[in-house]
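Hello,

Here is the structure I promised to pass on. Please open it beside this email and follow along.

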Amino acid sequence: MRLTAIAALVLAGACSAATPPDTGPGETRAITARGRALDGDTVSIDIRLSGADAFESRQLCRGNTGCWQCGKAAQDLAARALKSGDAVIRLTGAVSYGRPVGTVTIDGRDLGETMIAAGLAVPVTGYLRNDPDRASRYVVAHHRAVAARAGAHSGYYIDPARWRRGERLSCKARGSPRPPGT
């Protein structure tokens, strides 16, 4: 899942507000990422969530009444979550699709877990081998989302990784970014 302008703004604010815990006084922690200018003095970078793979922004899922924009719903949920409070981004040191990978918590709530619990992302626990507690929480959140038929679990979807490789559902969009029944 990509976090874009909002995450960059939150990251910039978080970096200026506090020294990362693994640096000493006066030191800064550098990351390497492709950036883009939002305006003359604001830049944005993309960070991929570790262990959670959300539906892509143009991805469709199928419910009982047709297809809906599950990717847009995932993007909207992430945007609302990021706007709701202060975010802490912890980079893992990994890179995926040319972007730094990290975990994001907003006022103590794990964004990846939130996305999975809403049925708008799937866990990818292979990336969380060094974080077994988070991996366990993601699996539990996924099982609960499936049982509750939350988000994409209310019907059929293509795994986001398979969607990125070109697999698509054969249905027409209803135009709704909301899961069926909401």
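Below is what I found in it, topic by topic.

Keep in mind that this is a predicted model.

**The core**

Start with the largest nonpolar core, which has 30 residues. Six of them touch the most other members: Trp-68, Val-104, Ile-106, Leu-111, Met-115 and Leu-120.

Helix 2 contributes the largest share, 7 residues. As background, nonpolar side chains tend to be buried together in soluble globular proteins.

**Helix 2**

Helix 2 has 14 residues. From first C-alpha to last, helix 2 reaches 20 Å, close to the 20 Å expected at 1.5 Å a residue. Its buried residues are Cys-70, Gly-71, Ala-73, Ala-74, Asp-76, Leu-77, Ala-78, Ala-81 and Leu-82. Note that the charged residue Asp-76 is on that list.

**The disulfide**

How many disulfides does the model have? The count comes to 1. Cys-61 pairs with Cys-70, and their sulfur atoms sit 2.2 Å apart. The torsion about the S-S bond is about 75°, so this disulfide is right-handed. Are the two cysteines buried or exposed? Cys-61 is buried, at 0% relative accessibility. Cys-70 is buried too, also at 0%. Cys-70 also belongs to helix 2, where it is listed among the buried residues.

**Two positive phi angles**

Most residues other than glycine have a negative phi. Two residues here go the other way. Tyr-97 has a positive phi of about 55° although it is not a glycine. Tyr-97 lies in the loop between strand 8 and strand 9. Asp-107 has a positive phi of about 50°, and it is not a glycine either. Asp-107 is in the loop between strand 9 and strand 10 (109–110).

Where do these side chains stand on accessibility? Tyr-97 is exposed, with a relative accessible area of 54%. Asp-107 is exposed as well, at 54% relative accessibility. The cut-off for exposed is over 50%, so both residues pass it.

**The second largest pocket**

Next, a pocket. The second largest pocket has a volume of about 460 Å³. Its lining has 25 residues. Which of them lie nearest its centre? They are Leu-49, Ser-50, Gly-51, Val-101 and Tyr-127.

Strand 4, strand 5, strand 8, strand 9 and helix 5 (160–164) each supply at least two lining residues. Strand 8 gives the most, with 4 residues. By class, the lining has 11 nonpolar, 7 polar and 7 charged residues.

**Arg-129**

Arg-129 is found in the loop between strand 11 (121–123) and helix 4. Arg-129 is exposed, with a relative accessible area of 70%. Its C-alpha is separated by 9.4 Å from that of Gly-51. Along the chain, Arg-129 and Gly-51 are 78 residues apart. Gly-51 is one of the residues nearest the centre of the second largest pocket.

Over to you.

Best wishes

Terms used. Residues are numbered from 1 along each chain as its sequence is written. This is a predicted model: local features need pLDDT of at least 70, side-chain atom pairs count only at pLDDT 80 or more; totals for chains, interfaces and linings use all residues. Side-chain values use heavy atoms; hydrogens and water are left out. A nonpolar core is a set of buried Ala, Val, Leu, Ile, Met, Phe, Trp, Tyr and Cys residues joined through side-chain atoms within 4.5 Å. Buried means under 20% relative accessible area, exposed over 50%, partly exposed in between (1.4 Å probe, protein chains only). A disulfide is a pair of cysteine sulfur atoms within 2.5 Å. On a 1 Å grid over the protein atoms alone, a cavity is a set of points where a 1.4 Å probe fits but cannot get out, and a pocket is an open set with protein on both sides within 12 Å along at least five of seven lines; lining residues have an atom within 4 Å of a point. Grid points are joined across faces, edges and corners, and a volume is the space filled by probe spheres set on the points. The expected span of a helix is 1.5 Å times one less than its number of residues.
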